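Let's take a walk through a protein model together, one stop at a time.

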Amino acid sequence: MGFLKSALWALPLWAICALVGADQVVGTDPEAGLPFWAWEDGALEIRLVQRLPDQTRAFFIGRGFSSAAADRVARSCVFQAIMRNRAQGGQTPVLGIDLTDWRLDAGAGVRALVSKDVWDAEWVAAGESEAARIAFRWSLFPTTQELRGGDYNWGMISLGVPPGTRLDLMLSWTIDAEPRGAVLRGLTCAPEEILEPKQE
Amino acid sequence: MNVPLRLLGALAIVAVGTLIVTGAPVVAKDSQTLAPVPGRPPAPDFDLKDPDGKAVRLADYRGRPLIVNFWATWCPPCREEMPSMQRAHAAVSKEGIGLIAINVGEDADTVAQFLSQVPVDFPLPLDESSAVVTSWPVRGLPTTFVLDPEGRLAYVATGGREWDDRVLLDLVRGLKQ
């Protein structure tokens with residue numbers, strides 16, 4: 001078993017998952033009516049639901065952001081993330097999430113997600129209101145989170161690539177401090193829907 | 001020829017090993033649980049006002065179990081669990097168990113508008129500056145704590161629950177002195 005664990009650490013986490021042929025789940029979220037990509041592994045469930053740029057714009061303008069700031073977020077490929085520890089019992093196993101470890105590959109090199117702190121620095125520099133910044137902070141998925149049995153959390157994540165971009169997202173998490181990983185392939189940012197005038 | 005075969009064998013071992021290491025625990029999809037808070041630290045104090053300007057102080061609840069929820073009107077799971085919190089409040093308030101839901105970052109008008117759609121009769125103090133929520137160990141909304149009569153954090157639930165579930169309420173009742 002020790003040898004196996006040593007061998008596992010030698011490989012990237014997403015390569016391990018590819019080796020075992022674990023499947024991602026893709027479908028249409030019944031509530032949002034938009035595509036989702038999900039990964040389930042025992043106690044873990046991660047679901048990422050597309051958000052239309054206009055949805056995100058409306059949400060943040062409604063929370064007091066300037067239209068320019070709301071547009072910046074809306075065009076940064078935002079997903080609604082839901083992460084759940086489906087294990088029964090309040091103690092174990094503990095699911096750990098650290099979004100700073102997640103990576104995406106949209107064909108131009110591997111990069112990190114846009115963090116809350118990066119956004120917040122931008123809002124401070126742009127003079128966005130304190131109330132808007134509070135709403136923003138709480139509406140994004142926490143950068144780090146521990147979920148015990150029965151817990152779940154939800155929130156937006158922003159990938160920092162243009163609307164319509166297709167990418168692979170490398171997820172990582174821990175179960176009782178043991179690292180795990182997976183790749184969601186073919187994740188697609190919602191396109192910017194521009195209504196063209198109909199030609200008679 | 002040998003090298004690819006060995007590589008394939010190694011990969012197979014790794015794959016089997018991964019399956020062993022990632023062995024799925026027993027799960028139940030809709031399990032209702034509360035996680036005990038290690039060491040039961042004291043809950044950070046607060047003194048807030050509800051949308052009508054009435055004071056809501058943590059100290060006033062000392063001596064009985066208290067459910068403290070953090071929420072916002074724009075948070076779908078927060079809205080979803082509110083009716084069950086109202087039912088839980090109706091079930092346990094006569095037993096001396098308190099329930100309050102602290103709104104994060106919104107003003108009185110916004111919360112009053114929400115109350116017109118989802119009427120509840122437990123206190124909804126406003127944490128407009130988010131000073132209180134940031135002093136508590138809250139990572140996301142909704143998060144709910146259960147305090148023991150000494151004002152210590154006994155249980156925590158991250159994400160929504162059906163709060164009128166007897167399993168959860170019995171855990172809260174178990175904190176009574």
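What share of the 200 residues in chain A is made up of buried residues? Buried residues account for 50% of them. Here, buried means under 20% relative accessible area, exposed means over 50%, and partly exposed is in between, using a 1.4 Å probe and the protein chains only.

Some ground rules before we go on. This is a predicted model, in which local features need pLDDT of at least 70 and side-chain atom pairs count only at pLDDT 80 or more, while totals for chains, interfaces and linings use all residues. Residues are numbered from 1 along each chain as its sequence is written, chains are lettered from A and ligands numbered from 1 in the order in which they are written, and side-chain values use heavy atoms, leaving out hydrogens and water.

Now for chain A itself. You can pick out 6 helices and 11 strands in chain A; these are DSSP runs numbered from the N terminus, with helices being H or I of at least four residues and strands being E of at least two. Take the contacts (heavy atoms within 4.5 Å) between residues of chain A at least 6 apart in sequence: 65% of these join residues at least 24 apart.

A:D120 is buried, with a relative accessible area of 19%. Leaving aside residues up to four places away in sequence, A:D120 touches A:R133 and A:R137.

Next, look for the open spaces. A pocket is worked out on a 1 Å grid over the protein atoms alone, as an open set of points with protein on both sides within 12 Å along at least five of seven lines, and lining residues have an atom within 4 Å of a point. The largest pocket has a volume of about 1,200 Å³, where volume is the space filled by probe spheres set on the grid points, joined across faces, edges and corners. This pocket is lined by 33 residues, and the closest to its centre are A:E31, A:I82, A:R84, A:Y152 and B:E80.

The second largest pocket holds about 340 Å³ of space. It is lined by 18 residues, with A:E146, A:R148, B:P137, B:V156 and B:T158 nearest its centre. Strand β8 of chain B gives the most to this lining, with 3 residues.

Last stop: salt bridges. A salt bridge is a side-chain nitrogen of Lys or Arg within 4 Å of a carboxyl oxygen of Asp or Glu, and over all chains the count comes to 24. One of them joins A:E45 and A:R84, at 3.9 Å from N to O. This pair links distant parts of the chain, with A:E45 in strand β3 and A:R84 in strand β4, 39 residues apart. A:E45 is buried at 8% relative accessible area, whereas A:R84 is partly exposed at 24%.

Over in chain B, the closest N and O atoms of B:R173 and B:E95 are 2.7 Å apart in another salt bridge. B:R173 sits in helix α5 of chain B and B:E95 in the loop between α2 and β5, 78 residues apart. Back in chain A, salt bridges that share partners tie A:D54, A:R57, A:D71, A:R75 and A:E192 into one network.

Terms used: 1 Å grid on protein atoms, 1.4 Å probe; cavity = no way out; pocket = protein on both sides within 12 Å on 5 of 7 lines; lining within 4 Å.
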